[in-house]
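Please keep the sequence and the structure in view while reading.

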Amino acid sequence: MTEQTLLVGNLNEVAKKAAQWLINRKPIKSLIDWGISFSLWPPHFTTSCCGTEFGAFAAARFDAERYGMLPFSSARQSNILVIEGTLTRKMARAARIVYDQMPEPKFVIALGACILEGGIFWNSYNTVLPSDVGIPVDLYVPGCPIRPEAIARAVLTLQKKIRTQGAFNT
């Protein structure tokens, strides 16, 4: 009688563990993080006046596509939410829905003084912060009005954070 190896167990479970092990190895993980860092797709979600500056960042002079950022029309294909300025109670519900629909890994950049502390609307009953509605923010960019150069720097900072810490660890 010849010796044979007999493997027992759930093949699907073993295949998932092997795939996860392979993905977490250094060269493949670095390649995945690099690809995600240059594939930042925000949905069209303008909440207030900082949206014009974000539009200027996406226009020809600053060209957001050079940074790997391409505005997308659907939250289900997006991975970065840019909250631009004041977030009202009514818009906060929509922001939370958009955030929940985004696939993992997902990132959030908050632009402007209004999203940081309320800005000129600091004592209004109607404004909320992203933390009030359960949206975790990766980067805050101060300023009023925010400049397109600051948005470009925020994108570069987020890309560096993704490549150093990993897309699923930020």
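## A proline in a loop

Pro 130 is placed in the loop between helix H5 (113-117) and strand E3 (139-141), where helices (H or I, at least four residues) and strands (E, at least two) are DSSP runs numbered from the N terminus. With a relative accessibility of 1%, Pro 130 counts as buried; the term buried means under 20% relative accessible area, exposed means over 50%, and partly exposed lies in between, with a 1.4 Å probe and protein chains only. Pro 130 and Gln 159 are 29 residues apart along the chain, and their C-alpha atoms are separated by 21 Å.

This is a predicted model, in which local features need pLDDT of at least 70 and side-chain atom pairs count only at pLDDT 80 or more, while totals for chains, interfaces and linings use all residues. Residues are numbered from 1 along each chain as its sequence is written, and side-chain values use heavy atoms, with hydrogens and water left out.

The peptide bond from Glu 104 to Pro 105 is cis, with omega near -10°, and Pro 105 lies in the loop between helix H4 (89-101) and E2. A cis peptide bond also joins Cys 144 and Pro 145, where omega is about -5°; Pro 145 belongs to the loop between E3 and helix H6 (148-165).

Asp 63, although it is not a glycine, has a positive phi of about 50°. Asp 63 is found in the loop between H3 and E1, and its relative accessibility of 26% makes it partly exposed.

## Two parallel strands

Strand E1 (residues 80-84) and E2 run parallel and are joined by five bridges; two strands pair if DSSP finds at least two bridges between them.

Is strand E2 (residues 107-111) mostly covered or uncovered? Five of its five residues are buried, so E2 is mostly covered. Phe 107, Ile 109 and Leu 111 point one way from E2, whereas Val 108 and Ala 110 point the other way, and all are buried.

## Aromatic rings

A pair of aromatic rings is described by the distance of the centres and the angle of the planes. Rings of Phe, Tyr and Trp (its six-membered ring) pair if their centres lie within 6.5 Å, and planes under 30 degrees apart count as stacked, over 60 as edge-to-face and the rest as tilted. The structure holds three aromatic pairs. In one of them, the ring centres of Trp 34 and Phe 38 are 5.7 Å apart and the planes are at 55°, so the pair is tilted. Trp 34, at 47% relative accessibility, is partly exposed, and Phe 38, at 34%, is partly exposed too.

Phe 54 and Phe 57 also form a tilted pair, with 6.1 Å from centre to centre and 45° between the planes. Both lie in helix H3 (residues 50-58), three residues apart, which is about one turn of the helix. Phe 54 is buried, with a relative accessible area of 10%, and Phe 57 is buried with 0%. Ring pairs link Phe 54, Phe 57 and Tyr 67 into a cluster.
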